[in-house]
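Hi everyone, thanks for coming along.

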Amino acid sequence: MESISFPEGFVWGAATAAFQIEGATTADGRTASIWDTFCQIPGAVVGGDTGDPAADHYYRVDEDVQLMSDLGLHAYRFSTAWPRVRPDAGPVNQAGLDFYSRLVDALLEKNITPWLTLYHWDLPQTLEDEGGWANRDTAYRFAEYAEAVVGALGDRVTNWTTLNEPWCSSLLSYAAGVHAPGRQEPEAAVAAVHHLLLAHGLATAAIRSQLPEAKVGITLNMYPIIPADPEDPADLDAVRRLDGLQNRIFLDPLFKGEYPADIVEDLEPYGFSKHIRENDLEIISTPLDQLGVNYYAEHFVSSTPEAEAPVQTNGRRPTGSPWVGAEHVSFPSRGLPRTDMDWEVQPDGLFKVLMRVHQDYPGIPLFVTENGAAYQDSVNEDGSIDDTERLGYIESHLRACHAAIEAGVDLRGYFAWSLMDNFEWAEGYAKRFGIVHVDYETQVRTPKMSAMWYSKVARGNALAATVAP
Ligand code: FCB
């Protein structure tokens, strides 16, 4: 493979999220989020893992910023925790804001651009007790929270992301119950889709009213949906439905000001359209400055349900399907290599999602705000970690980014997921995505081989030639 250079000014970053790294879940006035509660449900999280102490980042923030600086990162994508900033969604908690203020100052001192996400899934539990994202009021409460964060950090933070992956915080959380709050109620899930988008629109307005020069965006997890049999009309219909639920139901209202008609119809039995009020779509489609794309894999789908096999639950609680109205679909194997998450490795899918946005939703600058892979790392005797698979994964996906740029896509940056090993939601600490290793016994951080390599890429704004395997 030949060496390639990225456009001047391309942003090289790494990403994390509050609940996954901070720990300190009761410190300085923070109260419970839905993830704190969810972790207590037997079988909800592998190993009974919880968000404390996670990677103890709350107390190691200076060390972690130094690490980013040593790696030569240009930008750091992190999230602020709603239950720190407004515990129980109540009055502003200065101590919570102070933590993020210190983080931002430390980053700026090292010339690292803070890239702030307001919501990476840690809804205050008190709001869930009132219906969570199925309750329209939560969207207005989110805008209040956004206002508080912008008020405190807007003088130093330019790049704002409202929501991370609303697909996860709606369908995966309220229909499948795989994520917090663990509900398996399709009606609540489709309500959550709309209320999250409304929250995004309201927060965007709240940010802009205080900070007109802010660069505001949202991050979506996008998937190309590939039919198992492109000749089979039932498989093609499964593709249409899944593309609707995964991609179009978020992209269309944001960039076209309307929900896709076919999906509105599919979701009518679940009461979707009754949640949409006058002016909502206008609020949701307020123009954005940038769009974050998270990419991990493609969905290879079949309309034929998988043969009933005895399910090995390994103590996990039973969960449902996130595919409201299309629960029958299955995801057969097509023999591609897989990561430790059992996700296919398909770098070409990243090229496809970038091209798709470029063609179907033109004019919006793009950033890959997450991409990376979990693998079982083994630590050598001298403490080094040769994570060649992760390095190979990131490299192949960066080549896909470059190909998209060559094809005309306005892609302006890439954030590796993740800066460091962390709490991987329902999978707990067993899955490691970090380019930096965390020893959870000692909290010692060790850059893996992928981090050292990524640092060179960021410094040179280029990938060196590699010998194809
Ligand atoms: C994404 C999440 C992120 C991380 C990766 C592996 O869906 O946004 O927090 O867990 O998956």
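This is a predicted model: local features need pLDDT of at least 70, side-chain atom pairs count only at pLDDT 80 or more; totals for chains, interfaces and linings use all residues.

Around the ligand you'll find Gln20, His120, Trp121, Asn164, Glu165, Tyr296, Glu370, Trp417, Glu424, Trp425 and Phe433.

Which side chains put a polar atom by a ligand oxygen? For Glu165, an N or O atom of the side chain is 2.5 Å from an oxygen atom of the ligand. Glu370 has a polar side-chain atom 2.9 Å from a ligand oxygen, and for Trp425 the distance from a side-chain N or O atom to an oxygen of the ligand is 2.9 Å. On its own the ligand exposes 290 Å², and the protein buries 95% of that.

Trp121 and Trp425 also belong to a cluster linked by ring pairs, together with Phe19, Trp35, Phe38, Phe423, Tyr429 and Tyr440. In total, the structure holds 37 aromatic pairs. One of them joins Trp35 and Phe423, edge-to-face, at 6.1 Å centre to centre with 80 degrees between the planes. Trp35 sits in helix 2 and Phe423 in the loop between strand 11 and strand 12, so this pair ties together parts 388 residues apart in sequence. Both Trp35 and Phe423 are buried.

One last stop: Arg84 lies over the face of Phe99, 6.0 Å from the ring centre. Thanks, everyone!

Terms used: Residues are numbered from 1 along each chain as its sequence is written. Side-chain values use heavy atoms; hydrogens and water are left out. Rings of Phe, Tyr and Trp (its six-membered ring) pair if their centres lie within 6.5 Å; planes under 30 degrees apart count as stacked, over 60 as edge-to-face and the rest as tilted. Helices (H or I, at least four residues) and strands (E, at least two) are DSSP runs, numbered from the N terminus. Buried means under 20% relative accessible area, exposed over 50%, partly exposed in between (1.4 Å probe, protein chains only). A charge sits over a ring if NZ of Lys or CZ of Arg is within 6 Å of the ring centre and within 35 degrees of the ring normal. A residue is near a molecule or strand if one of its heavy atoms lies within 4 Å of it. A polar contact is a pair of N or O atoms within 3.5 Å; within protein, one must be able to donate a hydrogen and the other to accept it, and residues adjacent in sequence count only if both atoms are side-chain atoms. Accessible areas come from the Shrake-Rupley method with a 1.4 Å probe; for residues, only the protein chains shown count as cover.
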